[in-house]
Amino acid sequence: MPDRSIRAAVAPAAFALLTAGLLTACGTDTAADTPAAGTPATTKAPASAAPAAPAVKAAGSLGGPKTACELPVSFTLATDWEPKAVEVPEDSEFAELARKGPATMRCEVDAKPAGHIGFLRVWTAPKGTTARAALEGFVGAEQKPSDIVYRDVKGGALPAVEVTYALPDLDDGTMPRRAFAVDSPQGAVIVHLGGLDAQEHRETLPAYELARTSVTLP
């Protein structure tokens with residue numbers, strides 16, 4: 001069984017393969033809801049379940065004009081998380097890797113400069129696709145997702161839909177995953193948290209919460 005140090009060495013190479021040729025620099029609600037058998041659940045997060053202030057420092061905004069990634073929404077970045085825009089040439093051999101369900105990757109925010117193996121990725125869906133539909137299509141395109149729970153949450157200045165789920169890991173266990181989606185005039189936007197394992201997920205979750213609780217239209 002590979003230990004965490006071996007997986008940590010392998011993970012950056014896997015991330016590089018995913019984004020090779022695509023990346024170009026341009027400049028919690030934690031209620032334990034259980035889905036009904038065979039059907040992802042939707043729950044309403046109670047006001048009292050709002051997360052505490054993120055244990056990270058803010059480092060400016062991402063998404064607006066003249067930021068590293070110009071997006072339909074903007075949100076606050078955690079210190080030392082490094083954003084890069086993602087371009088997707090139609091004829092690129094990697095183009096399909098930047099699509100998941102109805103969504104296309106537009107930005108990757110790397111946690112390695114902050115000392116973590118993980119990332120926030122921002123995906124956009126076509127105009128007319130709702131946040132819920134985009135998120136369901138996104139999760140449906142994952143490989144063997146399990147423990148899927150959807151909930152309505154507050155996304156900064158915007159209403160949001162959040163999903164928590166798990167994916168198989170290298171140890172025959174599961175890795176937690178989390179994403180939220182909001183509507184914008186240009187279409188739904190998904191912000192997805194990915195990482196090496198459960199420990200990295202816990203350590204990078206405050207940066208995700210900072211993004212979720214600050215998201216707004218530019």
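Analyst: Gladly! Buried means under 20% relative accessible area, exposed over 50%, and partly exposed in between (1.4 Å probe, protein chains only). Glu162 has 0% relative accessibility, so it counts as buried. This is a predicted model, where local features need pLDDT of at least 70, side-chain atom pairs count only at pLDDT 80 or more, and totals for chains, interfaces and linings use all residues. Residues are numbered from 1 along each chain as its sequence is written, and side-chain values use heavy atoms, with hydrogens and water left out.

User: Which side chain does Glu162 join in a polar contact?

Analyst: A polar contact is a pair of N or O atoms within 3.5 Å; within protein, one must be able to donate a hydrogen and the other to accept it, and residues adjacent in sequence count only if both atoms are side-chain atoms. Here the side chain of Glu162 meets that of Tyr208 at 2.6 Å.

User: How many aromatic pairs are found in the whole structure?

Analyst: Rings of Phe, Tyr and Trp (its six-membered ring) pair if their centres lie within 6.5 Å; planes under 30 degrees apart count as stacked, over 60 as edge-to-face and the rest as tilted. The search finds two pairs. Trp123 and Phe138 are edge-to-face because their planes stand at 75°, with centres 5.1 Å apart. Phe138 is buried at 0% relative accessibility. Phe180 and Tyr208 are also edge-to-face, 5.6 Å centre to centre with 65° between the planes. Phe180 is buried, with a relative accessible area of 0%, and Tyr208 counts as buried at 0%.
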